[in-house]
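Subject: Structure for your review

Dear colleague,

Please find below the structure I am handing over to you. My findings on selected residues and helices follow it.

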Amino acid sequence: MIGRQEARAFIAEALSPRGSSAVLLLGEAGVGKTLLLDTAVEEAVRAGAQVLRVRGNAAESELAFAGLHQLLLPVLDGTGGLPPRQRAALLAAFGLGDDPTPPDLMMMSLAVLTLTSQVASVARLVLAVDDAQWLDRGSCQVLGFLARRLDGESIGLVVAARGCRPDWLDPAVPELVVPPLPPAEAEELLAAQPGAPVGPARRQLLDTAAGNPLALVELARSAARDGGRLPAVGPVPVTDLLERTFASQVDELPAATRAALVVAAAAEGAALADVLAALPSGPDTDVWLPAERAGLVHVQADRISFRHPLIRSAIYGAAPFTERRRAHLALAAALGSDPDRRAWQLSAAAVEPDPAVSGELEGTAMRALARGAIAETVAGLERAAQLHPVATERTRLLSTAAYAAVVAGDTDRAEALAADASRLEAGPEARRWISALGGLVAMLTLRMERAFALVVPDELPGAAQIDAGVSTIATGIVYHSGLPAQRERIRPMLAARADDEGMAGHPFHLWDTGCTDPFVHGPAIRALLPVVTAAPGLIPTESHTLGVLCMLLDETETSVSLLGELVNPQWEGAADFHAGTAAADLAFANLDGGRWADARLGVERPAERFLAGRHTLGPARALAALATVCALTGEPETALRHAAAVLAVTEPAGALATAARAHRAAGLAATALGDHTSAHRHLRALYDEAGAPLHYHLSCYGVADLAAAAVLTGRTEDARLVLARVRTEVGDGASVRLRQILLRATALLAAPADAGAYFREALEDREGGRWPFERGQVWLEYGEWLRRRRQIADARGALTKAREVFEGLGAGSWAARAEAELRAAGVSVESARTSALRSLTPQRQRIVRLAAQGLTNREIGERLFLSPRTVGTHLYQVFPVLGVSARAQLRDVVEQEPGD
């Protein structure tokens, strides 16, 4: 290799034990990414490492987990050592297992981590990923999962890609943009080529190649072949230039070899036996010899590969369509045992609508969906729609693809697919569904009024029945917008179908009625939830719907359980599911239940997307959740910035539910800073001038915080008005949690002599402890009231409980306030000790708590989607921090933690 010393040093440092264990190489075609990757692999092998490689290719970019299968093929024999669930999930993803159950995508990713960790336990393992821009999306997600879990593993990852940084790769992975060769090194490389031109032709070649090594080599080879002359190519991109150069080399080969190369270009990624079976000249390996001698291909025992992707694209692009079509049809015939590859080959050969090919592609898409590869599902359904001759079927396929795109988080594509479907012939029912899909996308992109108009158009009669699938979208829009007019419009439609057979306990109907009128229907729905949520066979959409409903109705633990199965924060795709809304839902449920570290872990990535400019509903809600975490855990200034960013987008958009959450986060942050005037301003924004809740549900939960700020700023009369309006809205439908909040507000606003009874009533129900922060607030303010009433002994007990709760949660500002009150009550207290456990990262806290419960490293790994080796490394590193030397001591550390 000529030059590149700095690049090689950068790669070596990144892959060293001191580095991140991963590195990304970016650059244009031919700039030398693959050579640098190959060199890193060779150096690793010389050092005793093992290597697994994969090279993406455009022909397989729509085949679910094709890249991952290529990467792991040499070690698949080792799956026998995996835990049964992991082994079944991995084999099912590759279509190799006997279990008909769709694989769990998170379990499959964990299987890949466990398998590679096992391989690396023998000797260091390097994973080399070339041409990552062409890997299928499912493989990318699993590699992204793996890249974030290399800490503690003897695994290195080298990724090379053309174009922009892959969005699936952790931002912490260092990147190297491979530059063109500087002039001196370009001269040196050219001088090393046989028959390199001299004089003006040499300067022309150097100028044309512009430091691109592949261009230098191939143009020099072309010049040597043509007697020192260069082609008159003009100012064209280097990619086009190289493709022309390669195409001219192919023109000189025998006709049989040229035809074989077209088949190979159409079949890239297929086994050599399948390519040979599709050759026009028959299965003769000698046909490749001229292409091998020309340096265009490498033929191995099991496959044929092109020396560079541009060679494949040059051959395929230069061949007439009739030749390419013949090749695809021959390959489809040879791939009878591989229905997914066969379907895409038939698709490439199709020249007119063909229902049979469309059906095969739909089958491929559904198999991809069963394996959790949603991006490939969308691509398959879209192409199936293009090939179906019947308009109604095209409509069905496009609308299904649009919904799959929503689930995958690609709202732009979903909107385009829904628009395509709307232009086709369809019946009234299909049109309603397509319009509802458009409304769903409009809601996710913060166009609330447009969203509702698409789902519930003005011409729809007020008492018309509305289908369950459409109504869940409509009521979701109603909840997120909070607009009274939309809520009034949807109520009679829900009532019109309430008596339909089987509707009473249907998850979608429960959602519709529960989110539209949570205080009217909440008590009855809570009674049904244990049975409905435990029903077997819930599909992901039902689990998501029920999980959010449980959060709204304060069935917090059930909500965390349901949503955690869908969007576990450890899973790479969590931030994309339903365009990021599910990750925010889980974070809010974790916030309510006092699992603040889990809440932060789940929303950091989607919140970053909002701050980077993706102003859609999911990221906005995620940032509102992160603002709340920051407000509670000692970062109030950050919380105020995040809340302001959310409000700047959501208030003009009419997304009142998210705006309400942002105002409450800002109110908590201002309270933590002691700025009670600002706290009151933000919390009062949850209600209109007359004191009515702006958001019919969420605003009610801020009334006690408003009461506290009102007392400190002399606005108690106004707060009493608000409380009265909130009580009217809630009626008899308060949950245990909301009842505790209302009693706290009543106590704060009552006459001093009467407040104690309300505080005690709020504390009577032990169930209120399920929401620890709000319980701690009651203990704190009750203790303050007791101290002012000179009931010192009782005050000390209440304030001590408040301090324990706040310390356990990490609510430093509130814990400090409890300490100050304890000192005023004559208790000598030290400032809250720094918690060694809570100084750990959220992930390490979870590992320690699970280990303290007696779980093994493997069991912890399965829960947190880590390898057992990584779990062991984390525990080894936290022992000195926690002051322990044995695993058995972790239980004492956790039990001594306040609030545990």
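Thr 658 has a relative accessibility of 1% and therefore counts as buried, the cut-off being under 20%. Please note that the model is a predicted one. Thr 658 lies in helix H33, which covers residues 656–672. Leaving aside residues up to four places away in sequence, Thr 658 is in contact with Leu 617, Ala 620, Arg 621, Ala 624, Val 646 and Thr 650.

Val 407 is also a buried residue, with a relative accessible area of 13%. Val 407 belongs to helix H19, residues 391–408. With residues up to four places away in sequence not counted, Val 407 touches Ile 374, Asp 576, Phe 577 and His 578. Between the C-alpha atoms of Val 407 and Ala 333 there are 34 Å, the two residues being 74 apart along the chain.

I then turned to helix packing. Two packed helices are described by the distance between their axes and the angle between those axes.

The axis of H19 comes within 10 Å of that of helix H21 (residues 428–444), and the two cross at roughly 20°. Since angles under 35 degrees count as roughly parallel, H19 and H21 are therefore roughly parallel to each other. Their crossing is left-handed. On the H19 side, the contact involves Thr 395, Ser 399, Ala 402, Tyr 403 and Val 406; on the H21 side, it involves Ala 430, Trp 433, Ile 434, Leu 437, Leu 440, Val 441 and Leu 444. By class, these residues of H19 and H21 comprise 10 nonpolar, two polar and no charged.

For helices H35 (residues 703–713) and H36 (residues 716–730), the axes come within 9 Å and cross at roughly 165°. Angles over 145 degrees count as roughly antiparallel, and H35 and H36 are therefore roughly antiparallel to each other. The crossing of H35 and H36 is left-handed. H35 contributes Val 703, Leu 706, Ala 707, Ala 710 and Val 711 to the contact, while H36 contributes Thr 716, Ala 719, Val 722, Leu 723 and Val 726. Nine of the residues in this contact are nonpolar, one is polar and none is charged.

Lastly, helix H9 (residues 213–225) has 13 residues and spans 18 Å from its first C-alpha to its last, close to the 18 Å expected at 1.5 Å a residue. Because 10 of its 13 residues are buried, H9 is largely enclosed by the rest of the structure. Among the buried residues of H9 are Pro 213, Glu 218, Ser 222 and Ala 223.

With kind regards

Notes
Residues are numbered from 1 along each chain as its sequence is written. This is a predicted model: local features need pLDDT of at least 70, side-chain atom pairs count only at pLDDT 80 or more; totals for chains, interfaces and linings use all residues. Side-chain values use heavy atoms; hydrogens and water are left out. Axes are lines fitted to C-alpha atoms, for helices over the stretch in contact, and angles run from 0 to 180 degrees between N-to-C directions. Helices (H or I, at least four residues) and strands (E, at least two) are DSSP runs, numbered from the N terminus. Angles under 35 degrees count as roughly parallel, over 145 as roughly antiparallel, 65 to 115 as roughly perpendicular and the rest as oblique. A crossing is left-handed if the near helix is turned anticlockwise from the far one by less than a right angle, and right-handed if clockwise. Contact means heavy atoms within 4.5 Å. Ala, Val, Leu, Ile, Met, Phe, Trp, Tyr, Cys and Pro count as nonpolar, Asp, Glu, Lys and Arg as charged, and the others, Gly among them, as polar. The expected span of a helix is 1.5 Å times one less than its number of residues. Buried means under 20% relative accessible area, exposed over 50%, partly exposed in between (1.4 Å probe, protein chains only).
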